[in-house]
Amino acid sequence: MLERVIDNWWLARESASAVMGLWSWPWGRQGPSGFGSASTAEEVTAGVDATNLTAIVTGATNGIGKETARVLALRGANVIIPARTLESGQKVKESLADQVPSSKLHVMEMDLSSLSSVRNFAQSFNSSHKHLNILINNAGIMACPYQLSEDGIELQFATNHVGHFLLTSLLLDKMKSTARETGVQGRIINVSSVAHKRSDGTCFELNKLNDKARYNPFIAYSHSKLANILHANELSRRFQEEGCNLTANSLHPGVIFTNIVRYIAGNSALLPVLSPLAKLVLKGLPQGAATTCYLALHPDLKNVSGKYFADCNETTPTTVARDTELAKKLWLFSEELVGINAASRSK
């Protein structure tokens, strides 16, 4: 009984926090970009020709990832959809092809929570595709019960950050060569969240992440979302230092009622009751995918890098999320994690 009370208290607290980010949504106010919280992914990419671009969108089998893939395909891009199973990916491909008959969609198998699966995907992609212009690290899980990935890493951090860190690292050479050969600036987009504000940045040690006794599903999610921003910032710093024609940015998509809340909904009677109301006042998928598509395709984002966006406008994340030394620390920690294997864990 006490555990249920605590769970519901956390749910109420996190829901209240989410509502704090909603105030601009009902009014749809536009920012300096000319777009705002009511703008849709189609609106922010109107007139963009992405015919010669190739993009990977993780988490494109549902939610805002699927809408992102649809709009990129609508603009002519060649879109790769990583999926845990080819069967599930094929169903999404068929669904999107019905909506966009001219779409160029390709399904490839990948499980972000598995480092071996990410490596297999990257190897297959690099050998079968000549170019990669856009990498959208969108996939994520939220507030799941405590568990470790097959590589021995807390599952939210493993899926939301570590898998994307490894994927990005393995695709960087392809993106750099594409930018050199085509003259088109490559773009990496990390989908973060306003939830990053609940992380103080002291979590980037394996014994802390994996400590079941101190595990809180919402705080663990926040740690992974902070990591998404720091990852993009450090990528941007390295790109500028190297002088390569790539950019990296992060974003908060808005509060959207999608499949990502499935763990919460499964453990609380509150969310199913609130679901109809939530869909009336929260962003829908077309608005939820807008900032991602804006960063991926809009010409105004050329040479913009190391920034954090919400509602298609640059905004400021927490001080911790702008800590360059912490970003470097996270990078080294992430490199260590992607080298973890079963043998080292057994020692």
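**Close-up views of a predicted model**

**View 1. Helix α5 packs against helix α6.** Helix α5 (residues 115–128) and helix α6 (residues 155–182) pack at an angle of about 20°, and their axes lie 10 Å apart. Axes are lines fitted to C-alpha atoms, for helices over the stretch in contact, and angles run from 0 to 180 degrees between N-to-C directions. Helices (H or I, at least four residues) and strands (E, at least two) are DSSP runs, numbered from the N terminus. α5 and α6 are therefore roughly parallel to each other. Angles under 35 degrees count as roughly parallel, over 145 as roughly antiparallel, 65 to 115 as roughly perpendicular and the rest as oblique.

From α5, the contact (heavy atoms within 4.5 Å) uses Leu115, Val118, Arg119, Phe121, Ala122, Phe125 and Asn126. From α6, it uses Val162, Gly163, Leu166, Leu167, Leu170, Leu171 and Lys174. These contact residues divide into ten nonpolar, two polar and two charged. Here Ala, Val, Leu, Ile, Met, Phe, Trp, Tyr, Cys and Pro count as nonpolar, Asp, Glu, Lys and Arg as charged, and the others, Gly among them, as polar.

The model is predicted: local features need pLDDT of at least 70, side-chain atom pairs count only at pLDDT 80 or more, and totals for chains, interfaces and linings use all residues. Residues are numbered from 1 along each chain as its sequence is written, and side-chain values use heavy atoms, with hydrogens and water left out.

**View 2. Asparagine 78 sits in strand β2.** The strand covers residues 78–83. At 13% relative accessibility, asparagine 78 counts as buried. Buried means under 20% relative accessible area, exposed over 50%, partly exposed in between (1.4 Å probe, protein chains only). Leaving out residues up to four places away in sequence, asparagine 78 touches Leu53, Thr54, Ala55, Lys104, His106 and His129.

**View 3. Alanine 143 has a positive phi.** Most residues other than glycine have a negative phi. Alanine 143 is not a glycine, yet its phi is near 55°. Look for alanine 143 in the loop between β4 (134–137) and α6. Alanine 143 is buried, at 8% relative accessibility.

**View 4. Cysteine 312 also has a positive phi.** The value is about 65°. Cysteine 312 lies in the loop between β7 (308–310) and β8 (313–315). With a relative accessible area of 1%, cysteine 312 is buried.

**View 5. Cysteine 293 is in no disulfide.** A disulfide is a pair of cysteine sulfur atoms within 2.5 Å. By this rule, the count is zero disulfides. For cysteine 293, the nearest cysteine sulfur belongs to cysteine 312, 8.8 Å away. Cysteine 293 is buried, at 0% relative accessibility.
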